[in-house]
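Dear colleague,

Please find below the structure that I am handing over to you, together with its sequence. My findings follow after it.

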Amino acid sequence: MTEEYLRQLGFETYTDPNAFGKAVAYNVAWRYRHTHAAQDGTVLYAEHPLSIPRCRLSTLPAPLDQRDVLADVALDDDAGLTAAVNSFFTAHQGIGAVLKANTSSAFRPFRRKE
């Protein structure tokens with residue numbers, strides 16, 4: 001599974017908007033968000049944490065509990081990931097609206113008035 005393949009499935013690199021402008025700490029991202037929400041407004045995230053050769057799908061950006069993981073597939077299982085993404089959207093009434101582009105806001109503790 002490559003970053004290009006994830007983009008073909010509709011995922012984009014995800015950075016936490018509350019990270020106060022910090023850049024992604026890795027050359028290759030390991031957390032992604034689908035560019036579309038489901039019809040019911042649910043958002044799908046994909047991640048492969050800490051170089052573990054698995055890809056986890058969840059409705060949370062960083063699921064800590066295994067019960068929050070919708071699917072867990074091997075990184076080389078492209079068909080399994082495609083099926084899991086399709087299953088998610090089927091269960092949530094289909095693909096919905098395009099999400100706003102993911103950007104991180106720059107933290108500015110104060111603004112100068114010059």
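**Aromatic pairs**

Two aromatic pairs are present in the structure, which is a predicted model. In the pair formed by Tyr14 and Tyr45, the ring centres lie 5.1 Å apart and the planes meet at 75°, so this pair is edge-to-face. Distant parts of the chain are linked by this pair: Tyr14 belongs to the loop between β1 (11–13) and β2 (31–34), whereas Tyr45 sits in strand β4 (residues 45–47), 31 residues apart. Tyr14 and Tyr45 are both buried.

The other pair consists of Phe88 and Phe89; with ring centres 5.0 Å apart and planes at 75°, it is likewise edge-to-face, because an angle over 60 degrees counts as such. Phe88 and Phe89 are both buried as well.

**Glu12**

Glu12 is found in strand β1. Its relative accessible area is 18%, so Glu12 counts as buried, the cut-off being under 20%. The side chain of Glu12 is joined to that of Arg33 by a polar contact of 2.7 Å.

**Val85**

Val85 is part of helix α2 (residues 78–91). With a relative accessible area of 4%, Val85 is buried. Leaving aside residues up to four places away in sequence, Val85 touches Phe11, His34, Leu44 and Leu57. For one of these, Leu57, the C-alpha atom is separated from that of Val85 by 8.1 Å, and the two residues are 28 residues apart along the chain.

With kind regards

Conventions:
Residues are numbered from 1 along each chain as its sequence is written. This is a predicted model: local features need pLDDT of at least 70, side-chain atom pairs count only at pLDDT 80 or more; totals for chains, interfaces and linings use all residues. Side-chain values use heavy atoms; hydrogens and water are left out. Rings of Phe, Tyr and Trp (its six-membered ring) pair if their centres lie within 6.5 Å; planes under 30 degrees apart count as stacked, over 60 as edge-to-face and the rest as tilted. Helices (H or I, at least four residues) and strands (E, at least two) are DSSP runs, numbered from the N terminus. Buried means under 20% relative accessible area, exposed over 50%, partly exposed in between (1.4 Å probe, protein chains only). A polar contact is a pair of N or O atoms within 3.5 Å; within protein, one must be able to donate a hydrogen and the other to accept it, and residues adjacent in sequence count only if both atoms are side-chain atoms. Contact means heavy atoms within 4.5 Å.
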